[in-house]
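Dear colleague,

I am passing on the structure below, and after it you will find my notes on what came out of the analysis. Please read them with the model open beside you.

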Amino acid sequence: MKELLTIEVNGERHEVAIEKSDSLARVLRDRLGMTATKRGCDTGGCGCCTVLVDGRAVYSCMTFAKAVGERKVTTVEGLVREGELDPLQQAFIDADAVQCGYCTCGMMMAARQLLDENPDPSEDEIRKGISGNLCRCTGYSKIVDAIQLAAAAGRPA
Amino acid sequence: MSTELKIIGTNVTRPDAHDKVTGGKNYPVNFSLPGMLHTGILRSPYAHAKIVSIDTTEAEKLPGVKAVLTPDDVPQRPFTPVYFVPAQARSMVQDFVIMSDTVRWVGQPVAAVAAVSPEVAAQALELIDVEYDELPAVFDPEEAVGEGAPRLWEHAEDNIAKHAKFEAGDLEAGFAEADHVFEGCYQTQRVHTCYMEPRVCVAEADSRGRIKILSSMQHSFGLREKLAFALGIPESDVNVIKPDYIGGGFGGKLDIGFIEPIASLLALKTGRPVRAQHTRAEDFISTTRNPIKVYLKTGVKNDGTFTARYIKSVLDCGAHATHGSEVIMVHGLYGTFFPWNCPNQTWEGYTVYTNNMIGGGYRGYGAPQGCFAVESQNDEICEKLGLDPIEFRLKNTWREGDPHPVLPGHELNTYRLQECLEQGAERSGFRNRGKAGSGSGIRKRGIGFACHPLWVSGCVGFPDIYEHAGATVKLNRDGTADVVSACVDIGSGQNTMLTQVVAEELSLAADRVRLVYADTDTAPFDAPTHASRATYSAGTATRAAAVAAKKRLFQAAAAVMEANADDLELRDGKVAVKGDPSTAVPMTDIIERAESPFIQTTEDGPAPTTLAEKGTIIGTASMAPPSNPSPCAAEFVEVEVDTETGEVDVLNVVYAHDIGRVFHPKSAEGQVEGGFQQGMGYALMEHIVFDPDTGACLTGDFLDYKMPTAVEMPRNIESIFIESIEPTGPFGAKSLSEMCIIVPAPAIANAIYNAVGVRVKDLPITPEKILRELGRL
């Protein structure tokens, strides 16, 4: 039995018919067609589906869509502002942190929370901040570089 | 040559990076078609059983279910799912069917449904009633070859799917000549590639029954061939669309899976597009790196010179041979036997059926298992005899200019193992390391290394493996170039490499070259993205296509410029008579003229052109590369071992590799760093574990299957690339990818030995094993 859900994603309110058991990832990808949020495992193990809910990084595969309530969801689709890439997006390109790129969107959302809360993180803090997100291509080195680059871009010169 | 290169060797922006950081719309997992149905696959709970009956009545009645498949509905055509060999290659074992009346491993597909949603498909599976007659099962390959063991296949007596042997010299005489003989047994475990994007495909059939399919596989033409064979239809009735990129592969997406034929059959049955996607648990029971147990006996002189080596390798291929019959050969040839210069050698390999899950391709393809055994024992030899470990390696390997040890008629044109070892030792501080276990305190540090002296840049010279590649390069009037290539970018940068090759050859900026739509109907054949081959092989063919386009450009330019085509050159986007810059004409003018009408009316009146210059500026090539040059590499690792908990921290890594030519420095480092992550997981933590009684996989998600996160990874991974400029390679290239995963496990094992003086010979080297060896458990 489907029911109607109102959800705010990237500043826009959507009314969408969902199954009670739908995860946030299912709603974003399959009901709203926002495919930046990837599904890698559906068991909260890989982090590909990471999105922000009220600024906090969550695994959207482990979050019931209904449980989001009035909170604000941010996905990679919401990172681009007026045609400008988020500093993290630009840094991931510049640092060559994107190989297959399947983990990239989730990784950037975890990093977004980290930088929002701690604009000048140490390398250890960065590594801890993305430790809930797996990458199988890069060995994380260039991802750490990218987050450092984005942090530097966010600092006043 | 290097001074003239403008694009090759620079960190151009990956052409797909912007797309991927803004959401990556074009992953296969995001592909969908209107009216698409979703697949569910019912899998066997038994490791070995005969199917007595399957009742699908209730499932078919469920609203939303559109079709059900059982073994009776699928062609019973045995084949090998391995993509890179012809469907009936004699070197491979043909024992794979889409669904059979006998199940031989937990997870083998038994039935499938197509339904309007994944949820309905899952619900339908629960309504299918299967009656099994359970049979005895065997899970250990050495038990499986023993007397009285349950037999899996009629065609395989003693459950041996393949037995191979290579011999050189006189083994007995060699051991008689030895001053010392070392013996050991080295065991590796089953691991998964852990690509992040699950395996997925969408298939649709047209009204004539022709299949169009997009899949996350690493090879478009292999999918066409295998799918056509499995379904019993002509190859031309399958069109495979190449995805722009896929979410990782590492060899784990080299096989045709069960999903592609099942989705295709369901599409034929329903007349609607059908999507099939693995759950992560399904991925974990598909295509893994085969465990190999290596028995190794080596005879050496007092000075460390090899006199004899006997190697026996037992590979557990699970219930189907799949890659197992080829992995064992590559493991023998390139993993153990030929990397080392030993005059008297025998290698015997056995690929053995068990009721375990199937194996598959995984980056390194048999060499990580071999290198772990050989380089662990080499370390033991040096330690026992007090030999310099670097001199010992150099004494027993090859030299630049030697005949290629495996491929008749080829030479090791470029071969710089000595530089790899010396530079790696220098940068890592290897020469200053202490004696094994000599550190004080609870946490002890150690440095170790491993090298791998011989590997591939593709498959030229191998029996039964495709190696040709092709591309079409078309120049547009706006000065851009379109490249059609069936080479799949699996994350390691094939799209970047191909654009660099074309941009370099045609003197364009890298962002003026685009990889465009390709499918098997329209693109020239390309072998899979595997075997460290794409740069060397697809790079060679794509460069040839660009050269052909350039030739065509010069023909048109010759007519426009009233010059001889052979006298022209292309530089900085301009065509000019060689040595006379005053004749330079922008290439876009030539392309425009070639594409323009015969007489074009302009503001200045009619502008006549000539017939000779007309026609699209386009070039095509399809060819095999000239050789199969060998890269070589050495890796030095510093670890810290906690002697109370057995935990290992990897602190520093220095990797040195004879690469031929670096195309893209950052991507090359990325291969090393990512390869180390996989190799470190293999060495220390990754292990697919089965219930010993039922054969069911117990590590079906990332909570139970542990791979290194950013926290466990070392802070410092240094890459040293020795650019030997291979004369047969495109712009001097050889290869990189797989070597990066071959050497880490023995390097880490040897570093742990140096730290605490104990050697673990079965992977993964867990804290428990270290504590047991230290006598603390």
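Helix H2(A) has as its buried residues A:Pro87, A:Leu88, A:Gln89, A:Ala91, A:Phe92 and A:Ile93, where buried means that 20 or more other C-beta atoms lie within 10 Å of a residue's own, exposed means 12 or fewer, partly exposed lies in between, and C-beta atoms are placed from the backbone. Because 6 of the 8 residues of H2(A) are buried, this helix is largely enclosed by the rest of the structure. Its buried residues pack against H3 and H5 of chain A, together with helix H1 (17-21) of chain B; contact here requires that the C-beta atoms of two residues, placed from the backbone, lie within 7 Å. Helices (H or I, at least four residues) and strands (E, at least two) are DSSP runs, numbered from the N terminus.

The model is a predicted one, in which local features need pLDDT of at least 70 and side-chain atom pairs count only at pLDDT 80 or more, while totals for chains, interfaces and linings use all residues. Residues are numbered from 1 along each chain as its sequence is written, and chains are lettered from A and ligands numbered from 1 in the order in which they are written.

H2(A) is followed by A:Asp96, whose phi is positive, near 55 degrees. In the loop between strand S5 (72-74) and H2 of chain A sits A:Glu82, a residue other than glycine whose phi is also positive, near 45 degrees; A:Glu82 is exposed, with 4 other C-beta atoms within 10 Å. A positive phi, near 60 degrees, occurs in B:Cys194 too, which lies in the loop between strand S9 (191-192) and strand S10 (200-205) of chain B, but B:Cys194 counts as buried, with 25 C-beta neighbours inside 10 Å.

The contact between the chains takes 40 residues from chain A and 47 residues from chain B. On the side of chain A that touches chain B, the elements giving two or more residues are helix H2 (87-94), helix H3 (104-117), helix H4 (123-129) and helix H5 (141-154).

Chain B contains an open sheet of 4 strands with mixed pairing, in the order S21-S20-S19-S27, two strands being paired if DSSP finds at least two bridges between them. Strand S21 (513-515) and strand S27 (618-623) stand at the edges with a single partner strand each, so one side of each is left without a neighbour in the sheet. Strand S19 (residues 469-475) pairs with S27(B) in the antiparallel sense over 6 bridges, and B:Gly470 stands opposite B:Ser622 in S27(B).

A second topic is the open sheet of 5 strands in chain B, ordered S7-S17-S16-S15-S8 and likewise mixed in its pairing. Its edge strands, strand S7 (160-168) and strand S8 (180-187), each pair on one side only. Strand S16 (residues 306-318) and strand S17 (residues 345-353) of chain B run parallel and are joined by 9 bridges, with B:Tyr353 in S17(B) as the bridge partner of B:Gly318.

Finally, the peptide bond from B:Leu763 to B:Pro764 is cis, with omega near -5 degrees, and B:Pro764 is found in the loop between helix H18 (744-756) and helix H19 (767-773) of chain B.

With best regards
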